[in-house]
Amino acid sequence: MSEEGKPKIIEECKAKFEKRIQKATTAEDIEKLRIKYLGRKGEIRSLFGHIQEIPPEKRGEFGSHINELKTYMEQKIQSVSDQLENFSLDATTEKPYCDLTLPGVPFVMGHQHPISQIIDDLLDIFRSMNFDVVSGYEIEDTFHNFDALNIHQWHPSRNPQDTFYVDPEHILRTQTSAVQIRAMENGTLPLRIVSMGRCYRRDASDATHYPVFHQIEGLVIDKNVNFCDLSGILTEMMTGVFGTRVEVRFLPSYFPFVEPGAETFISCPFCGGKGCNVCGKAGEIELGGSGMVHPQVLRNVNIDPSIYRGFAFGWGIERIAMMKYQIDDIRLFYDNNIDFLEQF
Ligand SMILES: [Zn+2]
């Protein structure tokens with residue numbers, strides 16, 4: 001119960017209604033709102049469904065609070081609807097063209113999408129570590145997306161059932177790593193870059209897959225870099241994203257473009273490694289691949305691996321956002337559901 005004695009569930013319903021009605025700008029919006037709240041399967045009706053959960057002696061009071069809210073909503077809907085009608089721009093009606101004494105039609109302020117927020121946070125972190133931010137092509141040729149990255153002709157990721165082909169030589173990029181290759185081809189050494197952007201794979205959409213997603217990709221090429229540098233940079237990056245100190249752990253793994261390669265884990269930022277629901281009691285979270293750039297990849301872009309070494313990492317941004325905001329379905333980012341997006 002709240003201070004005024006109204007159950008929280010009723011107050012929340014009222015607050016949501018207020019927020020929505022402020023944004024109603026057309027008769028259609030108002031009608032949708034009326035159906036959502038006062039309709040046969042509306043919110044008010046569902047509030048009455050909760051009466052079973054209330055102790056019998058309080059049910060009367062609970063019911064009268066709902067009725068009060070219902071009357072309030074009816075009046076509010078009527079008054080906003082009247083206002084909108086008076087605001088008619090139809091000069092042929094006898095109603096005034098515009099009543100200047102009426103309150104204005106509210107403008108809804110938008111804000112950044114959660115994925116854009118994460119991207120901006122990441123960009124700030126990498127700029128502070130003196131990385132150049134580079135971008136690439138979303139339609140990429142197979143050399144830059146596969147061959148140069150040591151991904152052989154027979155590799156399953158080249159299959160047209162996994163990759164969107166534009167023509168036999170061009171695809172919608174499946175990873176941002178192609179940007180690394182272009183940067184190594186064009187850039188002067190040493191190189192310290194980060195790249196973020198959309199990637200495409202022919203995945204059926206489910207809770208953890210979507211045909212379009214975003215990746216962040218980092219690459220450092222210099223004469224004397226090693227796994228410790230990689231570990232330090234990833235620690236800074238994830239500490240920045242989660243706002244709490246995390247530890248990075250590597251587990252040996254295979255990716256064609258790195259040697260040695262590693263699956264990368266961070267200590268769970270929510271429980272500090274003790275184990276919680278977010279990390280599935282493991283105390284750590286798997287984030288994606290990283291490793292030292294394969295000598296053949298360096299040779300492919302005419303860099304001498306006996307002089308230069310490098311490390312790279314590439315992770316899904318949606319995955320980071322899902323961890324940070326504890327979202328269990330990637331599709332929510334793309335549904336354009338205003339109730340979801342307003343939470344960020
Ligand atoms: Zn945890």
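## Close-ups of a predicted chain

**View 1. Strand β6 beside its partner β10.** Eight bridges tie β6 to strand β10 (residues 309–316), and the two run antiparallel. This is a predicted model, so local features need pLDDT of at least 70 and side-chain atom pairs count only at pLDDT 80 or more, while totals for chains, interfaces and linings use all residues. Residue numbers start from 1 along each chain as its sequence is written. Strands here are DSSP E runs of at least two residues, helices are H or I runs of at least four, and both are numbered from the N terminus. Strands pair if DSSP finds at least two bridges between them. Look for Ile216: its bridge partner in β10 is Trp315.

**View 2. The β5 side of β6.** Here 10 bridges link strand β5 (residues 191–200) to β6, again in an antiparallel arrangement. Met196 sits opposite Ile216 of β6. Buried means 20 or more other C-beta atoms (placed from the backbone) within 10 Å of a residue's own, exposed means 12 or fewer, and partly exposed is in between.

**View 3. Helix α10 and what covers it.** Helix α10 covers residues 317–325, and its buried residues are Ile317, Glu318, Ile320, Ala321, Met322 and Met323. The cover over those buried residues includes α5 (114–128), α8 (227–242) and the strands β5, β6, β9 (284–293) and β10. Just past the end of α10, Gln326 adopts a positive phi of about 55 degrees.

**View 4. Asp328, out in a loop.** Asp328 belongs to the loop between α10 and α11 (338–341). Is Asp328 buried or exposed? Asp328 is exposed, having 9 other C-beta atoms within 10 Å.

**View 5. Helices α5 and α8 crossing.** The two axes come within 10 Å of each other and cross at roughly 140 degrees. Axes are lines fitted to C-alpha atoms (for helices, over the stretch in contact), with angles from 0 to 180 degrees between N-to-C directions. Which residues make the contact between α5 and α8? On the α5 side they are Asp121, Leu122 and Ile125, and on the α8 side Glu236, Met237, Gly240 and Val241. A contact is a pair of residues with C-beta atoms within 7 Å.

**View 6. The open sheet of β2, β4 and β3.** Three strands line up in the order β2-β4-β3, with antiparallel pairing. The edges are β2 (139–141) and β3 (165–167); each has a single partner strand, so one side of each lacks a neighbour in the sheet. Direction ignored, neighbouring strands of this sheet are turned against each other by 35 degrees on average. Two bridges hold β3 to strand β4 (residues 170–172), and Tyr165 faces Ile171 of β4.

**View 7. Zooming out to the whole chain.** The chain has 11 helices and 10 strands. Its C-alpha trace spans about 80 × 55 × 40 Å along the principal axes. Of the 344 residues, 26% are buried. Take the contacts between residues at least 6 apart in sequence: 62% of them join residues at least 24 apart.

Conventions. Contact = placed C-beta atoms within 7 Å.
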